[in-house]
Amino acid sequence: NLLGYTEKQGYQIQSSSGEEWERERRDLGGAPRETINELVQDGLKFLLATPERPKLAGRPFPWEGLFSDGRRAEDVKLVDPRDEASVCVDFRAVPREERDSSTWVRRSAESALYNRLVFVGGDSEHLDHLARELHKSRAMVKKYKDRRESLNPARKVLLQQEENRGEELETLVRSAIASTFMSGQLYFRGRSLAPNDYGSAFATALNAAATRILPDLFQHFIATQIQPSELSQLIEIELVSGPSPKFLPDELGIFELDSGRYVPSCSGAVPHRVEEHIKKEGGLSGTALLAHFGAPPNGYTQSVVKACVAGLLRAQKVRIQPEAG
């Protein structure tokens, strides 16, 4: 306790008050694993907000984040995009003995992880140390912050220094989290991917790796975007003019030209998939239909699915029952 240290000021000789403060801080002991996990999860939430969204055919896909530690935490939700068409990154901060590459190559090909980009972190000793230090700083600040006005001048200075140290440690923890995972390995559907092959920085590597797997994740994806005005054409009693080119065989294939008239054939691949799924399920709710076709391997926008359903209704291939009966 004779020396204090900060990133900005370096080492300095402690006053007697500083020695007492450091002794109290040290006596807090180590942080439990649950606390370290919470700090790592907070850091990952911050880091996952940094990379640009990966794109396929110009369409950005939002991030979904999960966290597991191989001990107590299992599939903790870090980021919920509330969109089935997303890239799920499954962060695994597991013990050294559970990082075997052959095991994760096999597991990533199993149904439970098949649509996830699994990110297994590397050695976390330095990260755990920094997380424990951050926990101590926050505990000391929490203990004395509400009593700031009643503290003597020396203790007020020490409290301010602790707050500064906590801010420094928060930045260091985030950096250590990024380094820990960059020293690990990515896995996707039975393949092992080295993060550093996709970039030297966490955000760059994650974006590039996600972009790389998007065509495999959404094999049936189409880039067609339907505007509300185009969607409304499908529910007109009579087509006032020709339908949007997006509904013709070159794109969705909802309409075909037959003897000079546009007829709702729904012969395209997308409306056919929608029709087959409705038949297979024996009917289902609109919410379930949108969720199914938004998820891999389709990734269709809601407007595309709605256009296909409207086309199928117009072609008398489905029936729709509103909530009102």
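User: Before we start, what should I know about the numbering and the confidence limits?
Analyst: Residues are numbered from 1 along each chain as its sequence is written, and side-chain values use heavy atoms, leaving out hydrogens and water. Since the model is predicted, local features need pLDDT of at least 70 and side-chain atom pairs count only at pLDDT 80 or more, while totals for chains, interfaces and linings use all residues.

User: How many helices and strands are there in the chain?
Analyst: Both come from DSSP runs, numbered from the N terminus: helices are H or I with at least four residues, and strands are E with at least two. On that basis, the chain has 10 helices and 12 strands.

User: In what order do the 6 strands of the open sheet run?
Analyst: Two strands pair if DSSP finds at least two bridges between them. The pairing here is mixed: β5 and β7 pair in the parallel sense over 6 bridges, whereas β5 and β6 are antiparallel over 3 bridges. The order is β6-β5-β7-β8-β9-β10.

User: Which strands stand at the edges of that sheet?
Analyst: An edge strand here has a single partner strand, so one side of it is left without a neighbour in the sheet. The two in question are β6 (76–79) and β10 (191–193).

User: Is β5 mostly covered or open, and how many of its residues are buried?
Analyst: Buried means under 20% relative accessible area, exposed means over 50%, and partly exposed is in between (1.4 Å probe, protein chains only). W63, G65 and F67 are buried on one side, and E64, L66 and S68 are buried on the other. So β5 is mostly covered, and the count is 6 of its 6 residues.

User: Which helix lies across β5, β6 and β7, and at what angle to β5?
Analyst: Axes are lines fitted to C-alpha atoms, for helices over the stretch in contact, and angles run from 0 to 180 degrees between N-to-C directions. The helix is α2 (residues 33–48), running at about 165° to β5.

User: And which strands does helix α5 touch?
Analyst: Helix α5 (residues 153–182) packs on the sheet, and its direction makes about 105° with that of β8. The strands touched are β7, β8 (116–120) and β9 (185–188).

User: Which residues have the most contacts inside the largest nonpolar core?
Analyst: A nonpolar core is a set of buried Ala, Val, Leu, Ile, Met, Phe, Trp, Tyr and Cys residues joined through side-chain atoms within 4.5 Å. The largest one has 43 residues, and its largest share, 8 residues, comes from α6. The residues with the most contacts inside it are F91 and F202.

User: What does F91 contact, leaving aside its neighbours within four places in sequence?
Analyst: Contact means heavy atoms within 4.5 Å. The list is L44, L48, L66, F67, S68, L78, F119, F181 and F202.

User: Is K136 buried or exposed?
Analyst: K136 is found in helix α4. Leaving aside its neighbours within four places in sequence, K136 is in contact with R25, R26, L28 and G29. At 12% relative accessibility, K136 counts as buried.

User: What does E7 contact, leaving aside its neighbours within four places in sequence?
Analyst: E7 lies in the loop between β1 (3–6) and β2 (10–13). This residue is partly exposed, with a relative accessible area of 48%. The contacts of E7 are E168 and L172.

User: Which residue in the β9–β10 hairpin turn has a positive phi?
Analyst: Strands β9 and β10 run antiparallel, joined by 3 bridges. The hairpin has 2 residues between its strands. The residue with a positive phi, of about 50°, is R189.
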